[in-house]
Amino acid sequence: GRVICPASGLDDVCDIAIKDGRITARGRELPGSAPEVFDASGMIVTPGLIDIHTHIYHLATPLGLPPDEYCLSRGVTTAVDAGSAGATTVAGLGSFVADQVRTRVLCFINASMHGLAAAWGAGKSSRAGEMDSLTHVQIEEAVEAIEAFPDFIVGCKIRLCAGAADGGKNEREAYARVQAICERVGLPLMVHHNFSTVPIGDCPGADSSASKLRKGDIYTHAFHGLETHIIDVEGGRVDAAVLEARARGVIFDVGHGGGSFHWPVAEIAAAEGFWPDTISTDLHRDSKDGPAYGSLL
């Protein structure tokens, strides 16, 4: 098959020999015989993929899916859950999901202590906004949880969306608190940003904004066409604040789980050479049959 190894820069059509679960040789028409041969002609052979935006807190959240069925079977060997669990529920994500599956599971802890235990979509209105009360967004509890699971929690996640924060009343304060959490623990923040009262100028933020995202923070759903998108409509170009954010090292992620991608936005961005840094699926219950699907092996 076509063998691609990002670490070494390899991109070649060749054979791979595997013994006892490890690669032992690479080349064309390798000598010797093998008890089992898989013909990968026309396929890509690559190290396991990492999906940095999934929802896999199965049965504990409305959006959760079992990771081995929907991730591992499609080439994703590391799945990062994006905010399904919060400070008071992350232990369960570890014990009842990560410790029970073959897929390597990591997570971004939600700004809200209970995560997405009752939350569905996050449009203009949500059935149960995880930040409808700021009592759910506690800095000390989040820091304690992150320090308790340093090999499992890789960052924080917030859905900056009016429908997730009492019609937008709590967005600014919740955003400030989760940024404070990330500053304390030295981990990145992933932001879902649409239908928000926080403008592009503050998230991802111009260089002059006090609430701007930092180097290594992740702006997911980067090409959605909903309110608070990355395009300056009057100029028909990528917003200046977005360009400033990229220049200082903010990561722009696709996060296409259904309604989070708009061709006109992507076309304008592509015309300016503004390509995504990462391509994730935002895999969840309502996207598993498209667009976040693949052929089962």
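This report describes the fold, surface, salt bridges and one glycine of a predicted model.

## Basis of the model

Local features of this predicted model need pLDDT of at least 70, and side-chain atom pairs count only at pLDDT 80 or more, while totals for chains, interfaces and linings use all residues. Residues are numbered from 1 along each chain as its sequence is written, and side-chain values use heavy atoms, with hydrogens and water left out.

## Overall fold

The chain holds seven helices and 14 strands. These elements are DSSP runs numbered from the N terminus, with helices (H or I) of at least four residues and strands (E) of at least two. The radius of gyration of the chain, 20 Å, is close to the 19 Å from the globule rule for 297 residues, so the chain is as compact as a globular protein of that length. The radius is taken over C-alpha atoms, and the rule is 2.2 Å times the number of residues to the power 0.38. The C-alpha trace spans about 70 × 45 × 35 Å along its principal axes.

Among contacts with a separation of 6 or more, 77% join residues 24 or more positions apart; a contact means heavy atoms within 4.5 Å.

## Burial, surface and charge

Of the 297 residues, 47% count as buried. Buried means under 20% relative accessible area, exposed means over 50%, and partly exposed lies in between (1.4 Å probe, protein chains only). The accessible surface is about 14600 Å², and carbon and sulfur atoms contribute 54% of this area. Areas come from the Shrake-Rupley method with a 1.4 Å probe, and for residues only the protein chains shown count as cover.

The chain carries 24 positive and 38 negative charges, whose mean positions are 1 Å apart. Lys and Arg count as positive and Asp and Glu as negative, without His and the chain ends. Each charge is placed at NZ of Lys, CZ of Arg, CG of Asp or CD of Glu.

## Salt bridges

Side chains of opposite charge can pair when their charged atoms come close. A salt bridge here is a side-chain nitrogen of Lys or Arg within 4 Å of a carboxyl oxygen of Asp or Glu, and the count comes to 13. One of them joins Glu140 and Arg184, with an N to O distance of 3.0 Å. This pair links distant parts of the chain, with Glu140 in helix H3 (residues 139–148) and Arg184 in helix H4 (residues 171–185), 44 residues apart. Glu140 is partly exposed at 41% relative accessible area, as is Arg184 at 48%.

Helix H4 also contains Glu183, which is 31 residues from Arg214 in the loop between helix H5 (201–205) and strand E11 (218–219). Glu183 and Arg214 form a salt bridge with their closest N and O atoms 3.3 Å apart. Arg214 is partly exposed at 29%, whereas Glu183 is exposed at 55%.

Asp277 lies in the segment after helix H7 (263–271) and Arg246 in helix H6 (residues 240–247), so the pair ties together parts 31 residues apart in sequence. Relative accessibility is 43% for Asp277, which counts as partly exposed, and 23% for Arg246, also partly exposed.

## Gly27

Gly27 is found in strand E4 (residues 22–27) and is buried, with a relative accessible area of 17%. Leaving aside residues up to four places away in sequence, Gly27 touches Cys14 and Asp15. The C-alpha atoms of Gly27 and Cys14 are 5.4 Å apart, and the two residues are 13 residues apart in sequence.
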